Amino acid sequence: MKIVVCVKQVPDTAAKVVVEDGQVTWGDAPLVINPWDEYAVETALLQQEAHSGDVTVISVGDEDAKEALKHALAMGCGNAILISDPGLENADSLVTSQVLAAAIQKIGDVDLAFFGRQAIDGDVGVTAAQTARVLGWPSLTLVSAISELDPVSSSIRVERSVEEGRQVVEGKLPAVVSVIKDIAEPRYPSFMGIRKASRAEIPVWSVAELGAEVSDPVVSWPEISNPPKQEVITEIISGGSPAEIAETLAEKILETKVL
Amino acid sequence: MDFALTDEHRMVQQMVKGFAQKEVSPVIKEYDRKQAMAPFILPRMAELGILGICLPVRYGGQGMDYIALGLACEELEAVDSTLRVVMSVHMGLNSMALLQWGTEEQKERFLAPQARGEKIACFGLTEPGAGSDVAAILSTAKRDGDIYIINGEKMWISLATKADHALIVARTDLDAADPHDGLSAFMVELNRDGVTSGDIHGKLGVRAGSTGWIAFQDVEIPAENRIGEEGEGFKIAMSSLDNGRYTVAAGATGLIRASLEASLRYAQERKAFGREVGKFQLVQQKIAHMVQSYEAAKLLYLRAGWMKNQGIRNTCETSLAKWFATDASFDAASEAIQIHGAYGYSDEYDVERYLRNAKGAVIYEGTSEIHQLIQAGYALEYRDNVPLRCELPAFDDDIWQKEQ
Ligand SMILES: Cc1cc2nc3c(=O)[nH]c(=O)nc-3n(C[C@H](O)[C@H](O)[C@H](O)COP(=O)(O)OP(=O)(O)OC[C@H]3O[C@@H](n4cnc5c(N)ncnc54)[C@H](O)[C@@H]3O)c2cc1C
């Protein structure tokens, strides 16, 4: 079983992302592996453990993205590849998916490509589906469980969490799978993994090396601004008994006419 | 000079932080109130390899260096001191003493299961009547053919009721001209006949940990359990403290950071006189002091860690790091409460726990007074580093990583 997992380096969840002089900035907050992608790495490793094979982690980004790759290596992935190219600076999800698809093809004989459901910086959540489209593979998104995976018959059955409920879907390999939180708790990197990752020489591929056909971005950001500030007032309601507190709370809610 | 941490170090920080923040932080208040150690802590730290972090792979360890140990301690104590105490006694005071003084056979028998976290280790020096004054130890170990018979009581022992192995110091020569020379060190398996133990309740701090007593009544141990030579007990204990104090210093640095971070959050959130309290200069002064002590404490412990990596004797530097960081952590926690006002005085917030926990560290592993004597002693050249028969081995990547 040959597995690829796609990860992105993003600002930490605790970072204050703001717009300054028309540019998005998160100050000096640390960059981390996209938290959703940790679930994808975990899923890839679980499938590898169950069916043997190898897991390659890839990322489109600049030199910083090597950190995300190293995190995935420390968790247990066997190989890592960074795809970096000055031409990708303004890449939107379409461009990114074309590049990822080309990389997956260059790696060759891939059975499964895992993604997190979305990246917490852009929060677009379509890269997995777009990559599947470019590859011409089935797209199994928002997967909460892999109920069956048979490398012999090249079939996969997953559970998807959708608004209406749980959906069981079957597909043929190779396939693209994006995962949500319920799939499995990501493991911490092991010390042995950390050692391996910190010594790893991560190859860097350019777009030219991939031989990828890359379109111009279709999404551009002509203007961005901070959302209007909201004043939040916190009030703690106390009282002698739960009933009394509930009554005061109900009165307050009615008073503010939110109900 | 290179002040940058390596990728490896940063990943260790992240990993240990992840464990402490995700798994321990949500339940720590509950266990602190219960005065009990959460049952998952030791097995989980074992499973994650933290209990063997800086020991060579061939002894079942994880092959990291001594700086990684310090960084792990900082992250652990940023959540709760009891997590770091585990590393102080299991790793610093016991396992590292075995690495330094143990024979190959003793390393196989005691160190390897400790490094793998299969056995938990503690350190028994203090007695009801002997704390700072180690030469006042009354516990005895009497040689009888191939065995020693241990009698006595150890008091204030971290992990007393959780540990499987204790490194203890007992008197083997009742007539030694200098009572320091009459002490020897032993590894005692705590499931032996005649060993009893219990936890002390009603402590000011480290309530989510175990601190207790261990009593030995005619406990027979094989002579092979003696660490070092007869009469080397005091030296072994002091060299163990060079390692234990390092973990305490690093941990206290984490406690300063936690106090600072809590203060920053609160100062930017709480309003008084129409503005956030962080805008008041007197509050800023407290924050500035915390920043200063955090940065200084960090540099001091990392220097000590670097010296350990190099194999340079660091008794003086480690003592300085421990003294400075623990005193500063107590001040930082106290000022953090002050910044939180009345809310800081309640266990709804973490800062009161930080203060209660910080107080312990200015007492154990050398009280602040003892460290002042040590520092003045070195400065005045009343003290000197006497070379030891066995020094802590310098960190060597290749040797640490070797499987055999
Ligand atoms: C939470 C906790 C955990 C502990 N864990 C362990 C453990 O795992 N293993 C272990 O062996 N011990 C442990 N201890 C014991 C600890 O190491 C001792 O409490 C410490 O060494 C001080 O000894 P003492 O309490 O007997 O105080 P004493 O030595 O009686 O000191 C009393 C006071 O006199 C001062 N003093 C003493 N001598 C001098 C001097 N020469 N000059 C100036 N002032 C002096 C001290 O600084 C102190 O203020 C622990 C203690 C605590 C509180």
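User: How many residues of domain 1 of chain B are in contact with domain 3 of chain B?
Analyst: In this predicted model, 30 residues on the domain 1 side of chain B touch 41 residues of domain 3 of chain B.

User: How much area do domain 1 and domain 3 of chain B bury between them?
Analyst: About 2900 Å², and 52% of that is on carbon and sulfur atoms.

User: Switching to charges: how many salt bridges between domain 1 and domain 3 of chain B?
Analyst: Seven.

User: How many residue pairs are in polar contact across the interface of domain 1 and domain 3 of chain B?
Analyst: 21 residue pairs, both partners at pLDDT 80 or more.

User: Which elements give two or more residues to the domain 1 side of chain B there?
Analyst: Those are α2 (28-34), α4 (66-79) and α5 (81-101) of chain B.

User: Which one gives the most?
Analyst: α5(B), with twelve residues on the side of domain 1 that touches domain 3 of chain B.

User: Last one: what's on that side of domain 1 of chain B by class?
Analyst: The side facing domain 3 of chain B has 15 nonpolar residues, nine charged and six polar.

How values were computed
Residues numbered from 1 in each chain as written. Chains lettered and ligands numbered in written order. Predicted model: local features only at pLDDT ≥ 70, side-chain atom pairs only at ≥ 80, totals over all residues. Heavy atoms only, no water. Contact = heavy atoms within 4.5 Å. Buried area = accessible area lost by both parts, 1.4 Å probe. Salt bridge = Lys/Arg side-chain N within 4 Å of Asp/Glu carboxyl O. Polar contact = N/O pair within 3.5 Å; in protein donor to acceptor, adjacent residues only side chain to side chain. Helix = DSSP H or I, 4+ residues; strand = E, 2+ residues; numbered from the N terminus. Nonpolar A, V, L, I, M, F, W, Y, C, P; charged D, E, K, R; others polar.
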